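Here is a structure to question. Each answer sets a value against a rule and concludes.

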Amino acid sequence: MNKKNTLFLFALCPILPAASNLGYGTILSCLILWLFLSSYILQKIIGRLELQKASKGIELMGLACSLSLFQVVLQGIFPVLIVSLELYIILTAFSFFIIENLSAALFESRLFPQLPFFVLFILLFSLVREFFGYGTISVPVPDGLYTITVFENLPKVTGFWGTTGAAFILLGFIVRIAQIRIPAFFSLKGK
């Protein structure tokens, strides 16, 4: 795996510890979609105003404003969850910026071709971790998380899959499987 692929996967790392349950993964996925939409609108505005020389700075400031708006809306809808996710929201925005710029450099397009995979990956990853780690499925509600218990008496050893260490181990397995099974995904342009 080359350096650009490593950086692409490194951008996932801040998101994975926070995605310990489906409720958090849902909010982080919505944030990724929100930032993508904001970035797309900003790029169209920059293109119309012909401000390409300062486009990165303008886009970065616009994404910071968009992130602040998302946090305010999230605080109004889910006031309990913002307390535990505030740092991860900022890290997710940083990851988004890295991935967006890598997509532009490596795929000769913006993030759109990889966006569905990225959002689906976060949702599935958080669902698998919660389901196998705690035996539950959760969704965000204004009072925190509404948890549905699927398995009542899981062995204590399965709780490991809900930890941050397990998240990185799972990511390592997924990367290895993707290298073996889907080499086209990792053979990014510009080695």
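The expected span of a helix is 1.5 Å times one less than its number of residues. The model shown is predicted.

Q: How do you know that α4 reaches close to its expected span?
A: Helix α4 has 23 residues. At 1.5 Å a residue, 33 Å is expected. From its first C-alpha to its last, α4 reaches 32 Å, which is close to that value.

Q: Which residues of α4 are buried?
A: They are Ser 55, Glu 59, Gly 62, Leu 63, Ser 66, Leu 67, Phe 70, Gln 71 and Leu 74.

Q: What makes Gln 71 count as buried?
A: The cut-off for buried is under 20% relative accessible area. Gln 71 has 16%, so Gln 71 is buried. Its place is in helix α4. Leaving aside neighbours within four places in sequence, Gln 71 is in contact with Ile 82, Glu 86, Ile 89 and Ile 90.

Q: Why is Ser 20 called buried?
A: Again, buried means under 20%. The relative accessibility of Ser 20 is 13%, so Ser 20 counts as buried. Ser 20 sits in the loop between α2 (15-18) and α3. Not counting residues up to four places away in sequence, Ser 20 touches Ser 126, Arg 129, Glu 130, Tyr 134 and Gly 162.

Q: Why are α3 and α6 called roughly antiparallel?
A: Angles over 145 degrees count as roughly antiparallel. Helix α3 (residues 22-49) and helix α6 (residues 115-134) pack at about 170°. The pair is therefore roughly antiparallel. Their axes are 8 Å apart. On the α3 side, the contact residues include Leu 22, Gly 25, Ile 32 and Phe 36. On the α6 side, Phe 118, Ile 122 and Glu 130 are among them.

Q: What classes of residue make the contact of α3 with α6?
A: The contact has 10 nonpolar, four polar and one charged residues.

Q: Which residues touch the most other members of the largest nonpolar core?
A: Ile 32, Leu 74 and Ile 89 do, in a core of 26 residues. Helices α3, α4 (55-77), α5 (81-107) and α6 each supply at least two residues of this core.

Q: What does Ile 89 touch?
A: Not counting residues up to four places away in sequence, Ile 89 touches Leu 31, Leu 67, Gln 71, Leu 74 and Ile 82.

Q: Which residues does the second, separate core include?
A: Phe 121, Phe 125, Ala 167 and Leu 170 are among its five residues.

Terms used
Residues are numbered from 1 along each chain as its sequence is written. This is a predicted model: local features need pLDDT of at least 70, side-chain atom pairs count only at pLDDT 80 or more; totals for chains, interfaces and linings use all residues. Side-chain values use heavy atoms; hydrogens and water are left out. Axes are lines fitted to C-alpha atoms, for helices over the stretch in contact, and angles run from 0 to 180 degrees between N-to-C directions. Helices (H or I, at least four residues) and strands (E, at least two) are DSSP runs, numbered from the N terminus. Angles under 35 degrees count as roughly parallel, over 145 as roughly antiparallel, 65 to 115 as roughly perpendicular and the rest as oblique. Contact means heavy atoms within 4.5 Å. Ala, Val, Leu, Ile, Met, Phe, Trp, Tyr, Cys and Pro count as nonpolar, Asp, Glu, Lys and Arg as charged, and the others, Gly among them, as polar. A nonpolar core is a set of buried Ala, Val, Leu, Ile, Met, Phe, Trp, Tyr and Cys residues joined through side-chain atoms within 4.5 Å. Buried means under 20% relative accessible area, exposed over 50%, partly exposed in between (1.4 Å probe, protein chains only).
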